[in-house]
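Notebook open, structure loaded. I want to go through the sheet and then the pockets.

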Amino acid sequence: MNLPPVVSPQEWKAARADLLVKEKEHTRARDALAAERRRLPRMAVEKDYAFEGPDGAASLLDLFAGRRQLIVYRFFFEPGVHGWPEIGCRGCSQVADQVAHVAHLNARDTTLVFVSRAPQADIERWRTRMGWEVPWYTLTDDFDADFDVDEWHGTNAFLRDGDEIFRTYFVDKRGDETMGSTWSYLDITALGRQEIWEDSPEGYPQTQAYVWCNLHDEYDEPTPFEHGLSEATASQRGSRST
């Protein structure tokens, strides 16, 4: 292996600082790209799509679980896929392994689901073995063909306005490699991370950065930030901070 040279701590820090400038540029470019996504036109979903879930038949609207945004990952687990019926696509399985706890997405009014053509009994067996908690539905119609995921994996994002549904974004191929973190999913949604530093159209829901973050099993309780700003802690903050 032709490894880079060994240098002193001072030289290493200087090289790291030079690289950090480019990394910051990359971060800002990524933020700008996400801002453009939030301004993409919407595509109305005019067909009624049907799925099977653990509780029976479900519509696309049902997949939102009452939230405003929906992210749908097409997971290849079905007849014809290598390993069926014992296992699902290994690449899709690696994507599933990367997914952060869905409670954080839910806290931003966003639902993540997987869809496959496997029957629910097979999905539940495979899901249980792998320890995945993402809701997972069975495709029963042309949803995969209509949304460009009938022959390859991909991630679609949708926005709900009442009972009206709109497709807002789609990513596949190597774009799916970066999916998995709460932030990467929010960055492909129409509403983004919903924080005030973001460049979003006027009227979009936004809060202070990180104020909404909580432990995944404590989202029904105030965050430390919310607690710190509550009336109960006003006397601890002093007159200059109220």
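This is a predicted model: local features need pLDDT of at least 70, side-chain atom pairs count only at pLDDT 80 or more; totals for chains, interfaces and linings use all residues.

**Sheet layout**

β1 is joined to strand β8 (residues 164-172) by 2 bridges, and the two run antiparallel. For Ala44, I found Phe166 as the bridge partner in β8.

**Strand β5**

Then I moved to β5 and its neighbours. On one flank, strand β4 (residues 69-74) runs parallel to β5, with 6 bridges between them. I checked Leu70, and its bridge partner in β5 is Thr111. Toward strand β6 (residues 136-139) I counted 3 bridges, again with a parallel run. Ser116 stands opposite Thr138 there.

Is β5 covered or open? Mostly covered: of its 7 residues (110-116), 7 are buried. In a regular strand the side chains alternate between the two faces of the sheet, so I looked at each face separately. One side has Thr110, Leu112, Phe114 and Ser116, the other has Thr111, Val113 and Val115, and all of these are buried. My cut-off for buried was under 20% relative accessible area.

The largest pocket comes out at about 320 Å³. It has 16 lining residues, and the ones closest to its centre are Arg30, Arg37, Thr178, Met179 and Ser184. Elements giving two or more residues to this lining are α1 (9-37), β8 and α7 (182-186). Which of them gives the largest share? I got α1, with 5 residues. By class I logged 7 nonpolar, 5 polar and 4 charged residues in the lining of the largest pocket.

The second largest pocket has a volume of about 160 Å³. Its lining includes Cys89, Gly91, Cys92, Gln94, Val95 and Gln98, and I also listed Trp152, His153, Lys173, Asp176 and Glu177 there.

Note on methods
Residues are numbered from 1 along each chain as its sequence is written. Side-chain values use heavy atoms; hydrogens and water are left out. Buried means under 20% relative accessible area, exposed over 50%, partly exposed in between (1.4 Å probe, protein chains only). Helices (H or I, at least four residues) and strands (E, at least two) are DSSP runs, numbered from the N terminus. Two strands pair if DSSP finds at least two bridges between them. On a 1 Å grid over the protein atoms alone, a cavity is a set of points where a 1.4 Å probe fits but cannot get out, and a pocket is an open set with protein on both sides within 12 Å along at least five of seven lines; lining residues have an atom within 4 Å of a point. Grid points are joined across faces, edges and corners, and a volume is the space filled by probe spheres set on the points. Ala, Val, Leu, Ile, Met, Phe, Trp, Tyr, Cys and Pro count as nonpolar, Asp, Glu, Lys and Arg as charged, and the others, Gly among them, as polar.
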